[in-house]
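Hi everyone, thanks for making time. I'd like to walk you through one model today, starting with its pocket and finishing with its salt bridges.

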Amino acid sequence: SGVAKDSPAAKGGLEAGDVIIKLGDSRIGNLDDFDNALRKYEGGDTVDVVVKRGEEEVTLKVTLDPPR
């Protein structure tokens, strides 16, 4: 529903209301899909993220932070 200021998502161009539908080569349909897809990467990796923004799909590049 929102994007945290200065987060990797915000730096990559995600906006409030965007719906992530693909992370790298993984389709995202729910939170488990997102979690499993994210585990394929490490901090510092840059990943293509496809979001549904209104009626269009937008591809963004997001550089991941290391896990906390």
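This is a predicted model: local features need pLDDT of at least 70, side-chain atom pairs count only at pLDDT 80 or more; totals for chains, interfaces and linings use all residues.

Pro8, Ala9, Phe34, Leu38 and Leu64 lie nearest the centre of the largest pocket, which is lined by 28 residues.

Residues are numbered from 1 along each chain as its sequence is written, and side-chain values use heavy atoms, with hydrogens and water left out.

Back to the pocket: its space comes to about 730 Å³, taken as the volume filled by probe spheres set on the points, which are joined across faces, edges and corners. At least two lining residues come from each of helix 1 (8-12), strand 1 (19-23), helix 2 (31-38) and strand 3 (46-53); these are DSSP runs, H or I of at least four residues for helices and E of at least two for strands, numbered from the N terminus. The lining has 17 nonpolar, five polar and six charged residues, with Ala, Val, Leu, Ile, Met, Phe, Trp, Tyr, Cys and Pro counted as nonpolar, Asp, Glu, Lys and Arg as charged, and the others, Gly among them, as polar.

Leu64 also belongs to the largest nonpolar core, a group of 11 residues. Such a core is a set of buried Ala, Val, Leu, Ile, Met, Phe, Trp, Tyr and Cys residues joined through side-chain atoms within 4.5 Å; buried means under 20% relative accessible area, exposed over 50%, and partly exposed in between, with a 1.4 Å probe and protein chains only.

Now, how many salt bridges does a search of the whole structure find? Five, counting a side-chain nitrogen of Lys or Arg within 4 Å of a carboxyl oxygen of Asp or Glu. In one of them, Arg53 pairs with Asp18, the closest N and O atoms being 2.8 Å apart. Arg53 lies in strand 3 and Asp18 in the loop between helix 1 and strand 1, so the pair ties together parts 35 residues apart in sequence. Arg53 is partly exposed at 23%, while Asp18 is buried at 15%.

Lys61 and Asp48 form another, at 2.6 Å from N to O.

Note on methods. On a 1 Å grid over the protein atoms alone, a cavity is a set of points where a 1.4 Å probe fits but cannot get out, and a pocket is an open set with protein on both sides within 12 Å along at least five of seven lines; lining residues have an atom within 4 Å of a point.
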